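These are my notes on a single chain model.

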Amino acid sequence: MDNHISDHTTIVSDAALKTAQSVDKDRQWSRLMQLAEIGAIPGGGVNRQSLSTEDRQARALLVRWALARGFEPSVDDFGNLYVRRSGRNPEAPPILTGSHLDSQPSGGRFDGAYGVMAALEVLEALSDSNVETEHPVELVVWTNEEGSRFAPGAMGSMVFTGKVSPQQWLDVTDDEGTTLSQALMETLDALPGLPRRPFGFPVHAYIEAHIEQGPILEAEHLSIGVVTSIQGVRWFTVTVIGETAHAGTTPLRLRKDALQDALAAIQALNTFMNDSTDVLRFTIGRLVLEPNSHNSVSALCRFTIDLRHPDPSVLRAKGDAIEGICIDAMRACTVQVTQNLELPCVAFPEAIVDAVQTSAQALVIGHRRMPSGAFHDASFLATHCPSGMIFVPCAKGLSHNVAESISPEDAAIGTQVLAATIVELSRAINLNPAVILDK
Ligand SMILES: [Zn+2]
């Protein structure tokens, strides 16, 4: 009996299997480790925030690798970076595959970076196996997925898909007061001579490989998550405005204490968001006080809300109620609630989900279908073209953490499935777009 793969050749093409078999585990791993040196921080993580010096170094390294293999790099005006391997039909819309190179301030080595290195490995595997695809295949690096330096996240994919005009974000500043426009200009200038691409060019399909950022695959000893959907997200900022006063002289009944009213609002929100099924995700991740002084009543308390749910009707109802609950909770202060981000629940098209699953089956790889709890650039691409995602397991589900870890074997398996999926999708003529639930 020869290898398992030959038992399944009928369900995917020879070209798909040949490309998957050309994925080079050691080459991919060595690239991931070289990339991880850029912005390396103690504990094994990286600090490679968007449009920083480190981000620029990572982009330059990728372009060097691409040029060395004869692939064609290009960039758009928002810094989204593309690397093209042409296909049989140069006019055909490309299959895009990639993720992001930026990280959280104390991020891991694989969030985003894995999807970009997997994409490069697919391009190389295609070349090594002499497979000619009908459509060009392009690696993409989306600018500022993380949103930690310049908020919000996923800016590059939002601009590409026309959800937001780039002008809206050019004046956003980081903590040092650098504008996004300045950082973007320096990033574009650091790679001179790259051809410029328009936003929103036609795309045949988008496939993003990513670490799971959750514990399910590892717990079930599976190497591949076939991602079916991404739960919806709403971000809010709540600003409670009171008045500062002397902590020693001002009676409590006369205070407009912003922190105390904010705590009342948070308590009311916690009660309202309680979900016995534990599906809803409600997080207050940032809280800022002014003047933030030991012996002063707080004049201002600002906190953020991250709300997620896979059911659009629940997400809408819970999110819409936030403002009223906060207003009702105020005793002496006033409150403003603003929504900063709203991402719809996305169901990936069956044609893409099937292509991923069939590839995993053909390669005899343990897999399961699963939703994504985190949002990704694919959330936005899904509004533009047929899209999908492939997850690989990460140790203990840890992410946004220096201890984030994947194995070289799983990294290679994920890329094999990505490669086979891309070759199969290049043969498909009609792909249905994603279903955007509750658009
Ligand atoms: Zn990511």
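Is the crossing of α2 and α3 left-handed or right-handed? I find that the crossing of α2 and α3 is right-handed; by the convention I use, a crossing is right-handed if the near helix is turned clockwise from the far one by less than a right angle, and left-handed if anticlockwise.

Ground rules first. I am working with a predicted model, in which local features need pLDDT of at least 70 and side-chain atom pairs count only at pLDDT 80 or more, while totals for chains, interfaces and linings use all residues. I number residues from 1 along each chain as its sequence is written, and side-chain values use heavy atoms, with hydrogens and water left out. Helices (H or I, at least four residues) and strands (E, at least two) are DSSP runs, numbered from the N terminus.

**Entry: α2 against α3.** Two packed helices are described by the angle between their axes and the distance between the axes. I looked up both for α2 and α3 (residues 53–68): the axes come within 10 Å and cross at roughly 150°. Axes here are lines fitted to C-alpha atoms, for helices over the stretch in contact, with angles from 0 to 180 degrees between N-to-C directions. The two helices are therefore roughly antiparallel, a label for angles over 145 degrees, where under 35 is roughly parallel, 65 to 115 roughly perpendicular and the rest oblique. On the α2 side I list Arg31, Gln34 and Leu35, which meet Ala58, Leu61 and Trp65 of α3; contact means heavy atoms within 4.5 Å.

**Entry: Arg31.** I place Arg31 in α2 (residues 25–36). Arg31 counts as buried, at 12% relative accessibility; the classes are buried under 20% relative accessible area, exposed over 50% and partly exposed in between (1.4 Å probe, protein chains only). Its side chain makes a polar contact of 2.7 Å with the side chain of Glu124. A polar contact is a pair of N or O atoms within 3.5 Å; within protein, one must be able to donate a hydrogen and the other to accept it, and residues adjacent in sequence count only if both atoms are side-chain atoms. Beyond four places in sequence, Arg31 also has Trp65, Met117, Leu120 and Glu121 among its contacts.

**Entry: Gln49.** I find Gln49 in the loop between β2 (45–46) and α3, buried at 17% relative accessible area. The Gln49 side chain makes a polar contact with the side chain of Ser148 (3.1 Å). Past four places in sequence, the contacts of Gln49 include Asp55, Asp102 and Gln104.

**Entry: backbone.** Most residues other than glycine have a negative phi, and most peptide bonds are trans. I noted the exceptions below.

- The bond from Ala151 to Pro152 is cis, with omega near 5°, and Pro152 sits in the loop between β6 (137–141) and α5 (155–160).
- Glu290 and Pro291 are joined by a cis peptide bond with omega about 0°; Pro291 is in the loop between β12 (287–290) and β13 (300–309).
- Gln213, not a glycine, has a positive phi of about 65° and is partly exposed at 21% relative accessibility.
- His221, not a glycine either, has a positive phi of about 55° and is exposed at 73% relative accessible area.
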